[in-house]
Amino acid sequence: MRNKKGWWLTSMIARVLMLLAAALLFLSYASMVVNPAKAWYMTALGLMFVPIAALNFFLLVWAIRRKSGALLIPLLALLPSLIFIGKYFQFSSGGEAPKEDPVKLVSYNVGRFVMGKGDFRNAEGRSICVDSVARFIKSTDADIICLQEFDLSGDYDVARFIHDHFPDYDAAYFMHINNEGAYGNVTLSRFPIAGKGRLQFEKSANQAIYTDLKIRDGATLRVYNCHFESYNISLSALAKSITQHDNNSLKDTEEKMKRSIIRHPEQVQQVMADIEECPLEAIVAGDFNDNPMSYTYHRLMKGRKDSFVEAGKGFGATYSVLWPFIRIDYILYPSHFKAVSNNIPRLKYSDHYPVVTEIAF
């Protein structure tokens with residue numbers, strides 16, 4: 001009797017866990033289409049897609065081993081994941097060989113040049129990091145380069161810096177200037193620049209800049225270099241507040257995250273409105289600070305393809321913290337173009353990894 005009662009209790013607890021895990025996974029799917037301004041917490045569920053899917057998979061395996069009929073719960077919950085898992089992991093790479101030479105693009109959040117081996121927060125260390133990033137960029141032999149969190153501490157002559165480090169490129173950049181230096185987005189191009197502009201986000205140091213490039217045969221393409229709002233969360237501070245039961249710190253973290261999440265759709269809408277008003281075809285690249293199961297990604301993918309999904313291989317994660325779960329840097333291009341290759345080198349010069357892709361126009 002006791003064994004039967006114990007089996008029944010275990011079975012009921014397992015079913016409840018399966019139902020909860022399945023519900024969370026379906027909410028994670030829904031986070032792509034729900035505007036965070038109306039339900040900010042949906043973004044958190046989208047960010048948790050991979051661990052939630054992993055939990056459902058674990059419960060499915062457990063149910064199969066137990067020969068439980070409840071296996072249908074995690075199984076049905078996981079079926080849509082087959083569509084989305086390719087946004088995080090790809091088994092094959094490369095597209096068809098192009099008829100013309102493809103255009104190579106790089107998008108890289110350089111993290112203010114303060115990361116890497118050693119202490120790059122001092123002048124000597126920053127110089128080492130800047131030189132390392134510059135050498136990497138030159139080694140890619142890229143045609144178009146989009147840089148975010150480009151920070152020249154104490155150096156206001158951005159034009160001279162770019163000329164010294166990237167003499168083979170034309171440049172478009174918009175910087176915030178203060179007593180500490182210059183900070184912003186930089187786009188480098190081997191193609192002639194026909195025009196440029198800036199989309200400044202309200203109450204934010206983040207921005208998107210666009211550059212109109214004369215690619216070939218008289219065709220002009222607009223490249224958006226985006227850096228959307230981050231969530232401004234310190235994982236170490238959050239863990240400390242939880243372990244020490246610091247409710248004020250937890251509430252403060254929640255408010256910061258809520259404000260950042262709500263700003264995302266407003267910033268995305270600014271970019272989308274500009275895209276829709278512009279007659280040129282557009283590539284959208286940069287640090288979106290959002291994963292593929294997000295409203296941000298879903299909106300910006302309208303009429304476009306994802307270079308990693310089309311031509312990547314292995315894990316697509318671009319953020320070194322909690323690798324390989326977090327993918328927040330992208331190159332999105334018009335759907336009738338073709339991605340030939342996509343690579344994400346795991347460099348140590350920033351907390352982000354660069355995205356390097358070749359696109360045939």
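Modeller: Strands here are DSSP runs of E with at least two residues, helices are runs of H or I with at least four, and both are numbered from the N terminus. Two strands count as paired if DSSP finds at least two bridges between them. Axes are lines fitted to C-alpha atoms, for helices over the stretch in contact, and angles between N-to-C directions run from 0 to 180 degrees.

The model is predicted: local features need pLDDT of at least 70, side-chain atom pairs count only at pLDDT 80 or more, and totals for chains, interfaces and linings use all residues. Residues are numbered from 1 along each chain as its sequence is written, and side-chain values use heavy atoms, with hydrogens and water left out.

Within the sheet above, β8 (220–227) and β9 (281–287) are parallel and share seven bridges. N225 has A285 in β9 as its bridge partner.

Another open sheet of six strands, also of mixed pairing, is ordered β4-β5-β3-β2-β14-β13. Its edge strands, pairing on one side only, are β4 (170–178) and β13 (338–343). Neighbouring strands in this sheet are turned by 20 degrees against each other on average, direction ignored.

Nine of its 10 residues are buried, so β3 is largely enclosed by the rest of the structure. Buried means under 20% relative accessible area, exposed means over 50%, and partly exposed is in between, with a 1.4 Å probe and protein chains only. On one side β3 runs parallel to β2, joined by five bridges; on the other it is antiparallel to β5, with eight bridges. I145 takes part in both pairings: V106 stands opposite I145, and I145 stands opposite L188 in β5.

Contact is taken as heavy atoms within 4.5 Å. The buried residues V158, F161, I162 and H165 belong to α7. Down the helix axis these buried residues fall within an arc of 95 degrees, so they line one face of α7; the arc is that of the directions from the axis to the C-beta atoms. An α-helix has 3.6 residues a turn, so residues three or four places apart point the same way. The face of α7 turned away from the buried side carries the exposed residues R160, H163 and D164.

The loops hold some backbone exceptions. Most residues other than glycine have a negative phi, and most peptide bonds are trans. R112, in the loop between β2 (103–109) and α6 (123–140), has a positive phi near 65 degrees. R112 is partly exposed, at 33% relative accessibility. D141, in the loop between α6 and β3, also has a positive phi, near 55 degrees, and its relative accessibility of 46% makes D141 partly exposed. W323 and P324 are joined by a cis peptide bond with omega about 10 degrees; P324 lies in the loop between β11 (314–315) and β12 (329–334).

For the chain overall, there are 11 helices and 14 strands. Of its 361 residues, 50% count as buried. Among contacts with a separation of 6 or more, 70% are between residues 24 or more positions apart.
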